[in-house]
Amino acid sequence: MGKNIGFLLAFTGLVLISSAAGADWTEWSILWPWKDSLVGEGLKNYCESWRINVELNNIKGFDVVPQECVAFVGKYMTSSQYKADIERAIEESVLYLNGGCCSLKGSDGKDAWIFDIDDTLVSIVPYYKKHHFGGEKLNMTSLEEWMKRNRAPALGETLRFFNEIRGRGFKIFLISSRRESLRSHTADNLIKVGYHGWTKLILRKRGDESMEVGRYKAKARKELVEEGGYRIWGIVGDQWSSFEGTPSAKRTFKLPNPLYYVS
């Protein structure tokens, strides 16, 4: 009996080793579960899952894109799929706008819409393209020097929606995590690519720089509502920190961005 059990154990071990040797490691397997071994379709699935969970705000506070996903993220950010995802988000904004969401309250001029700037109105993907698509830790000095050159192109769908909102009589507020020192460069870049007619450009003053971005933006919205008397009908942004805190808007619209996380 003991010899039979020993034989069965030895045979089972040989079968497992043989199966492992002939396995297709492009699919996840319990015999080889480690992330570093993922190749081909398995790696693509892992990186797509990582990207989706960034968009769902399940993955927070990351400093860099995982090295194994840099090429995947770079391909996405320069693809027709990224453009289609932005178009869909803006389409939902238009549907909300056209669905009777925002009956302007007479002529008091207090109906407002808020936009973020980076990767919402203009794209800073060209900068990240030269810096490993989020695979290296952000050098803020380098990024701000790039911003001063006014090279950020407009996101076409957002520009069209911006003009639609402005044409309907909304007051447009731009609330950005950019620093106050970039005000003239930011305004020049926006005008250069076709944006004009916003009500106020709100940037981080020196006293705001130690504050989390989500708290800073909520504070800016609170001032608009409580001191300015504005009704915020919508917010469009690429970071969850654009929507966190109170007061918020009637609706918020998140644009895709797995390159970086602003908290």
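Which residues does Leu 174 touch, not counting residues up to four places away in sequence? I found Phe 115, Ile 117, Leu 121, Phe 162, Leu 190, Trp 198, Lys 200, Leu 201 and Ile 202, with contact taken as heavy atoms within 4.5 Å.

I note that this is a predicted model, in which local features need pLDDT of at least 70 and side-chain atom pairs pLDDT 80 or more, while totals for chains, interfaces and linings use all residues. Residues are numbered from 1 along each chain as its sequence is written, and side-chain values use heavy atoms, without hydrogens and water.

Next I looked up the nonpolar cores (buried Ala, Val, Leu, Ile, Met, Phe, Trp, Tyr and Cys joined through side-chain atoms within 4.5 Å; buried means under 20% relative accessible area with a 1.4 Å probe, protein chains only). The largest has 57 residues, and Trp 113, Phe 115, Leu 174 and Trp 198 have the most contacts inside it. A second, separate core of 14 residues includes Met 211 and Tyr 230.

I then turned to the strands. Strand β3 (residues 200-204) has four of its five residues buried, so it is largely enclosed by the rest of the structure. Four bridges join β2 to β3 in parallel (pairing requires at least two DSSP bridges), and Arg 179 stands opposite Arg 204 in β3.

Methods
Buried < 20%, exposed > 50% of the residue type's maximum accessible area, 1.4 Å probe, protein only. Helix = DSSP H or I, 4+ residues; strand = E, 2+ residues; numbered from the N terminus.
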